[in-house]
Amino acid sequence: MEFTLDEMREHLAALEARISEACKIAGRSRDSVKLVWVSKFHPAEAVENAIALGATDFGENRVQEAELKFSEPRTAKDGSRVRCHVIGPVQSNKLKKAALVADCIHSIASIEAVEKLEKVCAAATNGQGKVLDILFQVNAGEEETKSGLDVHEAEAFLNDLAAKAGAAADGKSENFPHLRFRGLMTIGKNTGVPEDSRECFAFLRGLRDKFLAKGGAFAKFDQLSMGMTLDLEVAIEEGSTMIRVGTALFGERDYSKPVNDPV
């Protein structure tokens with residue numbers, strides 16, 4: 001059952017205490033970790049409540065649902081524009097819609113997707129173009145049920161991407177001028193034990209650091225999207241810059257009443 005506004009406020013305070021304590025232990029500032037409210041399967045009213053509590057960034061798994069809630073601009077409590085993150089795998093035929101509604105896509109795992117996103121973003125806003133942040137998903141836990149780049153092939157993929165990007169400087173590239181390569185994303189191991197995810201989170205940080213140091217097209221490659229409700233402390237200790245939290249903030253989802261076309 002979904003939380004009321006007052007319940008959301010209470011749960012947010014508890015979550016913020018966890019994040020702040022994890023940052024303190026890791027010797028990091030609270031501002032170094034962005035909270036992405038995962039609003040999938042929650043109605044627009046829940047999003048409005050979250051905005052009233054100061055939420056600025058929302059994550060959606062399904063493109064149709066992201067369109068329903070975020071096609072029209074929303075303003076955050078601090079006056080900034082609310083940002084939509086598409087965090088689930090995106091089918092090739094949904095990439096265009098994803099690129100147009102999202103400010104950031106976390107789940108890219110192929111060169112073909114990068115090339116298609118570039119074409120879509122170049123033609124966006126009546127040809128004026130749109131700059132889109134993208135992260136590359138790595139299956140760092142090596143679980144068959146998870147999407148993303150194979151952990152043993154991720155570095156080769158990024159090297160191939162660098163070659164295809166062409167001449168690049170300060171995070172901008174010749175062949176993908178409308179895309180910003182911002183970092184990596186992974187999902188922790190589904191064992192119920194947060195510590196089990198530490199190794200894959202550390203791997204992701206090392207891979208991110210290696211390519212950030214290269215500069216060029218990777219000069220803005222400073223983001224790590226990792227950590228959810230159960231394992232956010234471990235993720236923060238290992239360098240996460242974005243944690244993705246849903247149920248702990250919104251309450252239980254009602255999957256029997258999807259708020260978008262599930263096709």
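Predicted model: local features only at pLDDT ≥ 70, side-chain atom pairs only at ≥ 80, totals over all residues.
The residues that line the second largest pocket divide into eight nonpolar, two polar and eight charged.

- The space in the second largest pocket comes to about 310 Å³, and of the 18 residues in its lining, Phe 70, Ser 71, Arg 81, Leu 100 and Val 101 are the closest to its centre.
- Two or more lining residues come from each of the elements α3 (63-70), β3 (83-86) and α4 (95-101), and it is α4 that gives the most, with three residues.

**The largest pocket**

- The largest pocket holds about 600 Å³ of space, and among its 26 lining residues those nearest its centre are Lys 40, Lys 146, Ile 187, Met 228 and Arg 244.
- The elements that supply two or more residues to this lining are β11 (242-245) and α9 (247-250).
- By residue type, the lining of the largest pocket consists of nine nonpolar, 11 polar and six charged residues.

**Helix α6**

- The residues Ala 154, Phe 157, Leu 158, Leu 161 and Ala 165 of α6 are buried, and because they cover an arc of only 95 degrees around the axis, they lie on the same side of α6.
- The partners against which the buried residues of α6 pack are α5 (111-123), β5 (132-139), β6 (149-150), β8 (172-173), β9 (179-185) and α7 (198-212).
- Just after α6 comes Gly 166, which takes a positive phi of about 75 degrees.

**Helix α5**

- For α5, the 13 residues should span 18 Å at 1.5 Å a residue, and the end C-alpha atoms are 19 Å apart, which agrees.
- Buried in α5 are Ile 111, Ala 113, Val 114, Leu 117, Glu 118, Val 120 and Cys 121, and the buried residues of this helix pack against α4, β4 (104-108), β5, α6 and β9.
- Following α5 is Thr 125, whose phi is positive and near 50 degrees.

Terms used. Residues numbered from 1 in each chain as written. Heavy atoms only, no water. 1 Å grid on protein atoms, 1.4 Å probe; cavity = no way out; pocket = protein on both sides within 12 Å on 5 of 7 lines; lining within 4 Å. Points joined across faces, edges and corners; volume = space filled by probe spheres on them. Helix = DSSP H or I, 4+ residues; strand = E, 2+ residues; numbered from the N terminus. Nonpolar A, V, L, I, M, F, W, Y, C, P; charged D, E, K, R; others polar. Buried < 20%, exposed > 50% of the residue type's maximum accessible area, 1.4 Å probe, protein only. Arc of directions from axis to C-beta. Contact = heavy atoms within 4.5 Å. Expected span 1.5 Å × (residues − 1).
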